[in-house]
Amino acid sequence: MTVSERHRAKPLPSPRWYLIHIKPQQEAQADTKLQRLGYMTFYAFDRIRRRRKRGNTHIVEWIERPYFSRYLFAALRFENDSIQEIEELDEVSCVVRRK
């Protein structure tokens, strides 16, 4: 389903949030793909400063460290949104559901 088709669908009264289990080190990629597909996501991370020494030089770099490693949240906002579309992404291990 395209983003324009999704936005023409009837919106739900409130979004249904799902917990998505992601493959290792793929949180940012999964978040980007879900947003491109038109899903609302929540990916909590902290940017930390790290210093490394290479030879005589100190290198300062910023890295993203997720608060919830291997998890992110996605909301279904429209009637025709599908969990199956989320599960089919390469970065997704599974969608966590209630039993």
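I started with Q25, which sits in the loop between β1 and α2. This is a predicted model, so I'm reading backbone angles as model values. Phi of Q25 comes out near 65 degrees, positive even though the residue is not a glycine. I flagged that because most residues other than glycine have a negative phi. Is Q25 buried or exposed? Exposed, at 68% relative accessibility, since the cut-off for that class is over 50%.

Next I checked R70, in the loop between β4 and β5. R70 is another non-glycine with a positive phi, about 70 degrees. Its relative accessible area is 29%, so I put R70 down as partly exposed.

**The hairpin**

I then looked at β3 (residues 45-54) and β4 (residues 57-66), which pair antiparallel over 10 bridges. Two residues separate the strands of this hairpin, and G55 in the turn has a positive phi of about 65 degrees.

**The four-stranded sheet**

Which order do the strands of the open sheet take? I read β2-β5-β1-β6, four strands with antiparallel pairing. The edges are β2 (40-42) and β6 (92-96); each has a single partner strand, so one side of each has no neighbour in the sheet. Neighbouring strands here are turned by 30 degrees against each other on average, direction ignored.

I zoomed in on β1 and β6, which run antiparallel and are joined by four bridges. I20 stands opposite V95 in β6.

Helix α2 (residues 27-36) lies across β1, β2 and β5 (71-78). Against β5, the helix runs at about 10 degrees.

**Salt bridges**

How many salt bridges are there? I get four.

K33 and E91 meet in one of them, at 3.1 Å from N to O. K33 is in helix α2 and E91 in the loop between α3 (83-87) and β6, so this pair ties together parts 58 residues apart in sequence.

R97 and E87 make another, at 2.7 Å from N to O. R97 lies in the segment after β6 and E87 in helix α3, so the parts tied together are 10 residues apart in sequence. I noted both as partly exposed, R97 with a relative accessible area of 49% and E87 with 34%.

Then there's R52 with E61, at 3.7 Å from N to O. R52 is partly exposed at 34% relative accessibility. R50 joins in as well: R50, R52 and E61 are linked in a network of salt bridges.

**Nonpolar surface**

Last entry: which residues form the nonpolar patch on the surface? I listed W17, F42, Y67, F68, Y71 and V96. Together they have about 610 Å² of accessible area. I looked up W17 on its own and found it in strand β1 (residues 11-22). With a relative accessible area of 42%, W17 is partly exposed.

Definitions and conventions: Residues are numbered from 1 along each chain as its sequence is written. This is a predicted model: local features need pLDDT of at least 70, side-chain atom pairs count only at pLDDT 80 or more; totals for chains, interfaces and linings use all residues. Side-chain values use heavy atoms; hydrogens and water are left out. Patches are made of residues with over 30% relative accessible area and no salt bridge: like charges are joined within 9 Å, nonpolar side chains (Val, Leu, Ile, Met, Phe, Trp, Tyr) within 5 Å. Accessible areas come from the Shrake-Rupley method with a 1.4 Å probe; for residues, only the protein chains shown count as cover. A salt bridge is a side-chain nitrogen of Lys or Arg within 4 Å of a carboxyl oxygen of Asp or Glu. Buried means under 20% relative accessible area, exposed over 50%, partly exposed in between (1.4 Å probe, protein chains only). Two strands pair if DSSP finds at least two bridges between them. Axes are lines fitted to C-alpha atoms, for helices over the stretch in contact, and angles run from 0 to 180 degrees between N-to-C directions. Contact means heavy atoms within 4.5 Å.
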